[in-house]
Amino acid sequence: MSNIIETLLLRNLQKVFREGDPVRRRAAIEEFYTEDCVVLLPIGRYVGHQALDQIAGELRAGHPTFVYTPHSAPQAVQDGGRIAWGSGPVGEPPRYTGLDVIIVRDGKIATLYVFLDSLPS
């Protein structure tokens, strides 16, 4: 299961939160997340695919040129995992950093906790 969790952590950064195309982002959400997923961000709690799609789209629109770069290899323990990351324009230092923690159920993300070390500028 650790390979699945590590893959989900990396793909979530790139295919959900970095994705600017709404059709591709929604397809990734449906592939990676359970229907009843819960996403906990400093700005709120989002339940289900539609809510996640909406907030991911809003975050992307606020920083359309930012990329997410892992700061370490993902780690998995039992049904959970974590990854530290930074976000900012390509080739520049991150404008903000954070840590994602996921809980996986049936091979999909059931819960995502996003901890920010600093707020987006």
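Modeller: Happy to! A crossing is called left-handed if the near helix is turned anticlockwise from the far one by less than a right angle, and right-handed if clockwise. Helices here are DSSP runs (H or I, at least four residues), numbered from the N terminus. This is a predicted model, in which local features need pLDDT of at least 70, side-chain atom pairs count only at pLDDT 80 or more, and totals for chains, interfaces and linings use all residues. Residues are numbered from 1 along each chain as its sequence is written, and side-chain values use heavy atoms, with hydrogens and water left out.

Let's start with α1 and α2. α1 passes α2 in a left-handed crossing. On the α1 side the contact (heavy atoms within 4.5 Å) is made by Leu8, Arg11, Asn12, Lys15 and Val16, and on the α2 side by Arg24, Arg25, Ala28, Ile29, Glu31 and Phe32. By class, five of these residues are nonpolar, one is polar and five are charged; Ala, Val, Leu, Ile, Met, Phe, Trp, Tyr, Cys and Pro count as nonpolar, Asp, Glu, Lys and Arg as charged, and the others, Gly among them, as polar.

Now α2 and α3, whose crossing is right-handed. Here Pro22, Arg25, Arg26, Ile29 and Glu30 of α2 meet His49, Gln50, Leu52, Asp53, Ala56, Gly57 and Arg60 of α3. This contact has four nonpolar, three polar and five charged residues.

Finally, look at Phe17: leaving aside residues up to four places away in sequence, Phe17 touches Asn12, Tyr33, Leu52, Ala56, Leu59, Arg60, Tyr68 and Leu112.

Definitions and conventions. Helix = DSSP H or I, 4+ residues; strand = E, 2+ residues; numbered from the N terminus.
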